[in-house]
Amino acid sequence: MRRRIPRTLSFIATMAVIGMGAIGHAEETSPPNGFRAIFNGTDLTGWHGLNPHIGATLKGEKKEAKLAEQRAEFPKYWTVENGELVNDGNGPYATTDEEFGDIELRIEYKTVPKADSGIYLRGAPQVQIWDVNQVFNPKAPTRKPHLGSGGLFNNTPGTTGRHPLVLADRPLGEWNQFRIRQVSDLTWVWLNDKLVVDGAVMENYYDRSRPLSAKGPILLQTHGGEIRWRNIFVRDITAPEAKQILSAAEAETKARLTRALTLHASFDKGLEADFARGDKTCYVVQGKDLVTAAPPDEVRLAPDAGRFGGALHFTKKTNFRPVFKDAGALGYNDKNWNTSVSVWLRLTPDEDLDPGYCDPVQIVGDDAKKGFVFLEWSKDETPRFFRYAIRPLFHIWNPDNVQWADIPFDKRPMVQVARAPFSRETWTHVVFSLENVNDKSKPQMGRLHLNGKLQGTIENWDLTFDWDPARVLLVLGAAYVGQMDDLAVFNTPLTDSEVKHLYELRQGVRELR
């Protein structure tokens with residue numbers, strides 16, 4: 001899905017570290033150098049039957065009885081034919097007797113129409129396998145088999161890595177090759193030599209508040225259709241190598257952010273951006289003109305009060321709304337628009353804001369009916385909802401021509417957070433992104449992150465805009481009362497790992513420049 005920045009650098013860097021060649025071809029039957037076979041090609045030695053979802057709900061003698069039953073059932077549903085591990089689509093999952101930590105796994109599979117299977121790592125689901133000929137069903141919006149196999153499907157909906165970066169499946173009836181690398185809780189997946197998951201966190205499905213287990217078995221899922229497996233090879237990754245891989249991944253994440261940065265305003269010395277690929281000037285709109293912004297008494301620069309250095313402080317509700325021109329920052333276009341905006345905010349909304357809507361950040365064009373992107377606090381609720389909205393062409397999001405407040409929450413193109421973590425005592429990091437706007441050939445999406453964590457997504461909407469690119473503006477402080485710091489714009493939808501890295505920067509975005 002995220003095709004906007006080449007992701008091969010992390011792969012190249014890591015290959016330089018570990019000295020590995022490309023994935024073997026389907027006819028390969030012996031382990032590559034450094035690997036060992038965990039399926040012997042002749043019988044089920046080293047494997048047993050287990051459905052972890054059933055076992056997780058039982059305790060004591062009942063659990064032991066169920067586990068024994070699944071082990072006994074295993075050879076009824078799993079056979080070995082011509083060096084292939086074959087399942088008819090039923091029965092317990094094929095589970096390794098051995099448990100694994102940091103590994104590289106190579107495995108080949110061939111499946112049938114309407115397939116739905118996967119590979120569990122450290123006992124957790126899963127690297128997903130689909131029949132990509134299945135059509136997307138709007139009644140099951142989180143299932144997107146048409147996007148391809150290899151994604152971490154059991155991660156939280158909307159997280160990066162849940163769906164593959166590219167469609168890499170071969171036609172049904174042909175063998176597919178996975179190369180999977182698991183280091184700590186990060187997962188890389190190559191399908192048929194194409195990178196489809198790039199260092200995404202694999203969540204602990206059984207307890208998302210805890211990290212993935214340090215060790216666990218590999219499981220091959222049964223899910224209603226025949227699937228064949230062969231050439232199952234594992235290479236154990238040593239602790240020094242794992243450290244190098246994680247260090248390289250962290251460095252590449254920072255490098256991607258640096259390459260993607262298009263505008264940064266620290267508000268340390270003024271309203272003008274510290275860095276911009278286009279126009280650094282901060283403006284205000286006066287009639288049809290833009291003039292250089294000069295803050296009124298109600299808005300001031302607050303030295304040493306920011307999250308990093310100074311801050312911009314809106315002390316009361318005012319009509320003063322600083323803006324930055326798109327001019328290479330937001331990159332709006334009518335073909336395929338991708339961007340992210342990052343900002344730190346400090347306020348207690350229910351006490352500081354006046355009645356009515358408050359939009360700390362907006363992206364606007366020449367006509368709100370042609371598109372409108374905004375963060376907002378709602379006007380009536382207590383506590384007030386915090387929202388991120390992408391409103392495309394008016395007739396798409398509002399076919400009945402009613403007020404925004406009169407549309408049911410679940411019918412609006414927005415992410416809504418009931419109790420967002422904003423306070424005068426602490427700074428809150430906000431990142432919102434737009435992906436593939438104006439491009440119906442790709443998944444269109446918006447994401448909202450608070451303090452490094454995904455809050456929700458806007459998806460399964462037609463995100464078509466019709467702005468004049470020359471009149472697109474980034475607007476700050478609409479009815480906002482509070483502090484603002486370290487505004488940054490990127491020319492890509494940031495991944496979860498990139499947002500987390502941004503959130504954890506000790507000196508803010510200046511570290512990227």
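Me: Is R228 buried or exposed?
Reply: The model is a predicted one. In it, R228 is buried, with a relative accessible area of 16%. The cut-off for buried is under 20%, so R228 falls in that class.

Me: Which side chain does E81 meet in a salt bridge?
Reply: E81 meets R228, with 3.0 Å from N to O. The pair links distant parts of the chain, as E81 is in strand β3 and R228 is in strand β13, 147 residues apart. E81 counts as partly exposed, at 33% relative accessibility.

Me: And what joins R228 and E226?
Reply: The side chains of R228 and E226 also meet in a salt bridge, at 3.2 Å from N to O. E226 counts as partly exposed, with a relative accessibility of 33%.

Me: Why can such side chains pair at all?
Reply: Side chains of opposite charge can pair when their charged atoms come close.

Me: What about E108, which residue does it form a salt bridge with?
Reply: E108 forms one with R230, and the closest N and O atoms are 2.8 Å apart. E108 lies in strand β6 and R230 in strand β13, so the pair ties together parts that are 122 residues apart in sequence. E108 is buried at 5% relative accessibility, and R230 is buried at 17%.

Me: How many salt bridges are there?
Reply: The count comes to 27. There is also a network of salt bridges that links E104, R106, R179, R235 and E241.

Me: New topic: how much space lies in the largest pocket?
Reply: The largest pocket holds about 1,200 Å³ of space. It is lined by 45 residues, and the closest to its centre are L186, V201, D496, S497 and K500.

Me: What classes do the residues of that lining belong to?
Reply: The lining of the largest pocket has 18 polar, 14 nonpolar and 13 charged residues. Among the elements that each supply at least two of its residues are α4, β28 and α7.

Me: Which residues of α7 are buried?
Reply: D496, E498, V499, H501 and L502 are buried in α7. The buried residues of this helix pack against α4 and several strands, including β21 and β30.

How values were computed: Residues numbered from 1 in each chain as written. Predicted model: local features only at pLDDT ≥ 70, side-chain atom pairs only at ≥ 80, totals over all residues. Heavy atoms only, no water. 1 Å grid on protein atoms, 1.4 Å probe; cavity = no way out; pocket = protein on both sides within 12 Å on 5 of 7 lines; lining within 4 Å. Points joined across faces, edges and corners; volume = space filled by probe spheres on them. Helix = DSSP H or I, 4+ residues; strand = E, 2+ residues; numbered from the N terminus. Nonpolar A, V, L, I, M, F, W, Y, C, P; charged D, E, K, R; others polar. Buried < 20%, exposed > 50% of the residue type's maximum accessible area, 1.4 Å probe, protein only. Contact = heavy atoms within 4.5 Å. Salt bridge = Lys/Arg side-chain N within 4 Å of Asp/Glu carboxyl O.
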